[in-house]
Amino acid sequence: VAYVAATLHDAALSIGYDPKSSACKSYEKIKPNFFLTDNLDEVVLNSTYDFILLNDVLDHSSDPLAVLEQVKKIKGPNCKIIMRCHPWTSRHGTHVYKQVNKAFLHLVFTPDEIFAMGLKEQFAQQVLDPLSFYRDLIKQTELKIVKEDITTCPVEIFFTQNEEIMRRIKDKWKTSTDPELRNGTKFPRDVLEIEFVDYWLE
């Protein structure tokens with residue numbers, strides 16, 4: 001994305017940042033207005049920005065509020081922030097599907113069971129009400145929601161017809177603030193259907 005912005009859209013400066021990407025360290029600059037980095041200091045040094053894209057960042061951060069606070073510091077006065085959120089409660093919330101292409105594995109099985117299968121989960125904030133969580137984070141940083149788009153996918157009937165599977169999923173909501181979800185009388189279908197939540201922030 002950063003490369004396309006620099007080459008096809010003639011951005012004055014386009015930076016791709018990923019704190020965990022080893023590829024960034026050996027990447028050779030191919031254009032003076034574009035580079036990749038795993039060093040946040042470089043991103044801050046070159047701020048402020050007119051456009052910031054956050055793709056699947058908040059949910060996999062240990063401190064999502066700090067991430068948004070940092071974004072607020074480096075944004076320019078007319079900056080558009082496009083942010084894609086990827087709830088833990090989605091069918092591929094911990095990215096296990098990249099190893100075994102099955103939906104909701106992380107909600108059906110325990111972390112120990114997943115580990116015993118030889119699978120590795122990506123860390124994700126285990127939030128049971130993702131929409132409230134995102135909106136509250138944004139409110140705390142005093143950023144403005146211009147637009148919110150929710151991408152959904154129906155939950156297959158398999159997950160509600162198999163009693164053991166359904167019970168295991170319901171168990172994940174034992175700490176929910178919703179009493180019906182907490183006591184297991186309601187299946188969290190509305191939450192499970194959310195795949196992504198996209199925001200345009202200013």
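User: Is Phe104 buried or exposed?
Analyst: Phe104 is buried, with a relative accessible area of 0%. Keep in mind that this is a predicted model.

User: Which ring does Phe104 pair with? I recall there is some aromatic pairing.
Analyst: By the ring-centre rule there are 5 aromatic pairs. In one of them, Phe104 is paired with Phe159. The geometry is edge-to-face, with 5.1 Å centre to centre and 85° between the planes.

User: Where do Phe104 and Phe159 sit in the fold?
Analyst: Phe104 is in the loop between strand 4 (75-85) and helix 4 (105-108), and Phe159 is in helix 7 (residues 158-161). The pair therefore ties together parts that are 55 residues apart in sequence.

User: And Phe159, buried or exposed?
Analyst: Phe159 counts as buried, at 7% relative accessibility. The cut-off for buried is under 20%.

User: Which residues make up the aromatic cluster with Phe104?
Analyst: Phe104, Phe158 and Phe159 form one aromatic cluster.

User: What about Tyr134 and Tyr199, what is their geometry?
Analyst: Tyr134 and Tyr199 form an edge-to-face pair. Their centres are 6.3 Å apart, and the planes make an angle of 75°. Tyr134 belongs to helix 6 (residues 130-140) and Tyr199 to strand 6 (residues 194-201), so this pair links parts that are 65 residues apart in sequence.

User: How accessible are Tyr134 and Tyr199?
Analyst: Tyr134 is buried, at 1% relative accessible area. Tyr199 also counts as buried, at 1%.

User: Where does Arg84 lie relative to Phe196?
Analyst: Arg84 lies over the face of Phe196, at 4.2 Å from the ring centre.

User: Which elements supply the lining of the largest pocket?
Analyst: Helix 1 (2-7), strand 1 (14-17), helix 2 (40-45), strand 3 (49-55) and helix 3 (64-74) each give at least two residues. The largest share is from strand 3, with 7 residues.

User: How does that lining divide by class?
Analyst: The largest pocket is lined by 25 nonpolar, 12 polar and 5 charged residues.

User: And the second largest pocket, how much space is in it?
Analyst: About 210 Å³. Of its 15 lining residues, Trp88, His106, Pro111, Glu121 and Gln126 are the closest to the centre. By class, the lining of the second largest pocket has 7 nonpolar, 6 polar and 2 charged residues.

User: Which residues line the largest cavity?
Analyst: Among them are Arg91, Thr94, Tyr97, Lys102, Phe104 and His106. The lining has 4 nonpolar, 5 polar and 2 charged residues.

User: Thr94 is in that list. Where is its place, and what is it in contact with?
Analyst: Thr94 is in the loop between strand 4 and helix 4. Setting aside neighbours within four places in sequence, Thr94 contacts Trp88, His106, Glu121, Gln122 and Ala124. Thr94 counts as buried, at 3% relative accessibility.

User: How far is Met117 from Thr94?
Analyst: The C-alpha atoms of Met117 and Thr94 are separated by 15 Å, and the two are 23 residues apart along the chain.

User: Where is Met117, and how accessible?
Analyst: Met117 is in the loop between helix 5 (111-116) and helix 6. Met117 is partly exposed, with a relative accessible area of 39%.

User: Last topic, the whole chain. How many helices and strands?
Analyst: The protein chain has 10 helices and 6 strands. Its C-alpha trace spans about 60 × 35 × 25 Å along the principal axes.

User: What percentage of the residues count as buried?
Analyst: 39% of the 202 residues.

User: And what share of the contacts joins residues 24 or more positions apart?
Analyst: 66% of the contacts with a separation of 6 or more.

Notes
Residues numbered from 1 in each chain as written. Predicted model: local features only at pLDDT ≥ 70, side-chain atom pairs only at ≥ 80, totals over all residues. Heavy atoms only, no water. Helix = DSSP H or I, 4+ residues; strand = E, 2+ residues; numbered from the N terminus. Nonpolar A, V, L, I, M, F, W, Y, C, P; charged D, E, K, R; others polar. 1 Å grid on protein atoms, 1.4 Å probe; cavity = no way out; pocket = protein on both sides within 12 Å on 5 of 7 lines; lining within 4 Å. Points joined across faces, edges and corners; volume = space filled by probe spheres on them. Phe/Tyr/Trp six-rings, centres within 6.5 Å; stacked < 30°, edge-to-face > 60°. Buried < 20%, exposed > 50% of the residue type's maximum accessible area, 1.4 Å probe, protein only. Lys NZ or Arg CZ within 6 Å of the ring centre and 35° of its normal. Contact = heavy atoms within 4.5 Å.
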